[in-house]
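This briefing goes through one protein structure by topic. Look at the chain as a whole before turning to single residues.

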Amino acid sequence: MRHPKPDRAGPGQESVWDYPRPPRVEPSSEHVEILLGGQVVARSDVSWRVLETSHPPTYYLPRAAFAPGVLREAEGATWCEWKGQAAYFDLVVGSTVAARAAWTYPDPSAGFEVIADAVAVTPLLVEQCTVDGEAVTPQPGGFYGGWITSRVAGPFKGGPGTHGW
């Protein structure tokens with residue numbers, strides 16, 4: 001399958017088509033917040049971005065960034081060819097539950113050790129995620145957990161017809 005023509009990155013943007021495959025992980029000092037049920041459930045100025053060709057960044061926050069009692073272990077696991085086996089969490093605020101909205105790699109593969117036990121959240125399943133105050137658009141398709149902001153240029157994998165990218 002042919003890859004699409006990358007959008008031109010504007011000033012202050014990075015193209016997801018310049019991200020590597022296999023992906024890399026890098027530290028971030030951007031201010032990240034996650035909202036669910038009208039409450040901030042996670043907040044941090046320390047996170048890690050996983051960057052992979054054609055994907056918007058996925059943010060991993062320290063577990064301590066999450067409010068007490070918000071993370072509830074969920075059933076099931078998945079396998080990532082790069083990061084290893086993921087375990088899942090429901091996010092819970094009162095009667096509001098975002099099922100399997102978060103995941104972690106308790107014992108990640110070589111090169112991803114820095115995100116061991118850090119937690120990622122898919123913006124599609126929560127009320128809102130922000131990066132430095134900017135509301136995030138969820139990566140299309142519901143499978144990937146990328147965070148689209150004005151700082152990244154696509155097109156982005158996830159929507160119809162993009163499986164082979």
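The model is predicted. Its secondary structure consists of zero helices and 15 strands. Of the 165 residues, 48% are buried.

**Overall form**

- The radius of gyration of the protein is 15 Å, close to the 15 Å that the globule rule gives for 165 residues, so the protein is as compact as a globular protein of that length.
- Along the principal axes, the C-alpha trace spans about 45 × 30 × 30 Å.
- The accessible surface comes to about 8300 Å², and carbon and sulfur atoms account for 52% of that surface.
- Among contacts between residues at least 6 apart in sequence, 50% join residues at least 24 apart.
- Arg2 is found in the segment before β1. With a relative accessibility of 74%, Arg2 counts as exposed.
- Arg2 and Arg100 are 98 residues apart in sequence, and their C-alpha atoms are 32 Å apart in space.

**The four-stranded open sheet**

- Four strands form an open sheet in the order β4-β3-β11-β12, and their pairing is antiparallel.
- β4 (39-44) and β12 (134-135) stand at the edges with a single partner strand each, so one side of each has no neighbour in the sheet.
- Strand β11, residues 128-131, is joined to β12 by two bridges, and the two strands run antiparallel.
- Thr130 stands opposite Ala135, a residue of β12.

- Six bridges pair β8 with β9 in the antiparallel sense.
- Across this pairing, Phe89 stands opposite Ala102 in β9.
- β8 and β9 form a hairpin with two residues between the strands, and Gly94 in this hairpin takes a positive phi near 60°.
- β9 is also joined to β10, by three bridges, and these strands run antiparallel.
- Trp103 has Ala120 in β10 as its bridge partner.

**The nonpolar cores**

- In soluble globular proteins, nonpolar side chains tend to be buried together.
- Which residues have the most contacts inside the largest nonpolar core? They are Ile34, Leu61, Phe66, Leu91, Val121, Val126 and Trp147, in a core of 23 residues.
- The elements that give two or more residues to this core are β3 (32-36), β4, β6 (58-61), β8 (84-93), β9 (96-104), β10 (119-121) and β11.
- Leaving aside residues up to four places away in sequence, Val121 touches a set of residues that includes Ile34, Phe66, Leu91, Val126 and Trp147. Tyr59, Ala101, Ala102, Trp103 and Gly145 are also touched by Val121.
- A second, separate core has 14 residues, among them Trp48, Trp103, Tyr105 and Phe112.

**The salt bridges**

- Side chains of opposite charge can pair when their charged atoms come close.
- How many salt bridges does the structure hold? There are 11.
- Arg21 and Glu81 meet through their side chains in a salt bridge, at 3.4 Å from N to O. Arg21 lies in the loop between β1 (14-15) and β2 (24-28), and Glu81 in the loop between β7 (71-80) and β8, so the pair ties together parts that are 60 residues apart in sequence.
- Is Glu81 buried or exposed? Glu81 counts as exposed, because its relative accessibility is 55%. Arg21, at 48%, counts as partly exposed.
- Arg63 forms a salt bridge with Asp117, and the closest N and O atoms are 3.6 Å apart. This pair links distant parts of the chain, 54 residues apart: Arg63 is in the loop between β6 and β7, and Asp117 is in the loop between β9 and β10.
- Arg63 is partly exposed at 36% relative accessibility, and Asp117 is partly exposed with a relative accessible area of 35%.
- Glu134 and Arg151 form another salt bridge, with the closest N and O atoms 3.5 Å apart. Glu134 lies in strand β12 and Arg151 in the loop between β14 (147-148) and β15 (152-153), so this pair ties together parts that are 17 residues apart in sequence.
- Glu134 counts as partly exposed at 23% relative accessibility, and Arg151 counts as partly exposed at 24%.

Methods. Residues numbered from 1 in each chain as written. Predicted model: local features only at pLDDT ≥ 70, side-chain atom pairs only at ≥ 80, totals over all residues. Heavy atoms only, no water. Pairing = 2+ DSSP bridges. Core = buried A, V, L, I, M, F, W, Y, C linked by side-chain atoms within 4.5 Å. Buried < 20%, exposed > 50% of the residue type's maximum accessible area, 1.4 Å probe, protein only. Contact = heavy atoms within 4.5 Å. Salt bridge = Lys/Arg side-chain N within 4 Å of Asp/Glu carboxyl O. Rg over C-alpha atoms; globule rule 2.2 N^0.38 Å. Areas by Shrake-Rupley, 256 points an atom, 1.4 Å probe, with all protein chains shown as cover.
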